[in-house]
Amino acid sequence: QLQLVESGGGLVQPGGSLRLSCTASGFSLDYYTIGWFRQAPGKEREGLSCISSSGGVTNNADSVKGRFTISRDNAKNTVYLRMNDLKPEDTAIYYCAAVKTAVLPLCFRTPRRYDYWGQGTQVTVSS
């Protein structure tokens, strides 16, 4: 059974940092492009960052450029999202998603391009 599990969310003060993890079970992430998304109440799901299977290609939304960094450790079957300088508007449920792209240097921030999704982890930025 293919499963993605997010972890690392929580409550943080404005200006603080968190590192989210997305770990796969039941399959290897080696040949998968991974994306991070978030959804706040009443808003559409937003594509934040993506990383190609080898890690050679990344892409970030303007809303998080300079603050969020995506990375991967295929040996640990895990993709990370480091979030710095968090703001109250970053409050949302954060999801990771995977799509098989083999060795192609592809990276998408569009939710419909992804086949597998985690259950999400809550991030709350508040003083």
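## Burial and the predicted model

A residue is called buried when its relative accessible area is under 20%. By this criterion Cys50 is buried, as is Cys107, and Cys22 and Cys96 are likewise buried. The model is predicted, and the description below should be read with that in mind.

## Nonpolar cores

The largest nonpolar core has 28 residues, of which Leu81, Met83 and Tyr94 touch the most other members. Two or more residues come to this core from each of strands E3 (18–25), E4 (32–39), E5 (46–51), E7 (68–73), E8 (78–83), E9 (92–100) and E11 (121–125).

Leaving aside residues up to four places away in sequence, Leu81 touches residues that include Leu18, Leu20, Trp36, Leu48, Phe68, Ile70 and Tyr94, together with Arg19, Ser49 and Thr69. A second, separate core consists of 7 residues, among them Phe37, Val99, Cys107 and Phe108.

## Disulfides

The structure holds 2 disulfides. One joins Cys22 to Cys96, with an S to S distance of 2.1 Å, and it links distant parts of the chain, since Cys22 lies in strand E3 and Cys96 in strand E9, 74 residues apart. The torsion about the S-S bond of Cys22 and Cys96 is about 70°, so this disulfide is right-handed.

Another disulfide joins Cys50 to Cys107, at an S to S distance of 1.8 Å. The residues of this pair are 57 residues apart, with Cys50 in strand E5 and Cys107 in the loop between E9 and strand E10 (116–117). The torsion about the S-S bond of Cys50 and Cys107 is about 105°, so this disulfide is right-handed. With the bonded cysteines numbered in sequence order, the pairing is 1-3, 2-4.

Definitions and conventions. Residues are numbered from 1 along each chain as its sequence is written. This is a predicted model: local features need pLDDT of at least 70, side-chain atom pairs count only at pLDDT 80 or more; totals for chains, interfaces and linings use all residues. Side-chain values use heavy atoms; hydrogens and water are left out. A nonpolar core is a set of buried Ala, Val, Leu, Ile, Met, Phe, Trp, Tyr and Cys residues joined through side-chain atoms within 4.5 Å. Buried means under 20% relative accessible area, exposed over 50%, partly exposed in between (1.4 Å probe, protein chains only). Helices (H or I, at least four residues) and strands (E, at least two) are DSSP runs, numbered from the N terminus. Contact means heavy atoms within 4.5 Å. A disulfide is a pair of cysteine sulfur atoms within 2.5 Å.
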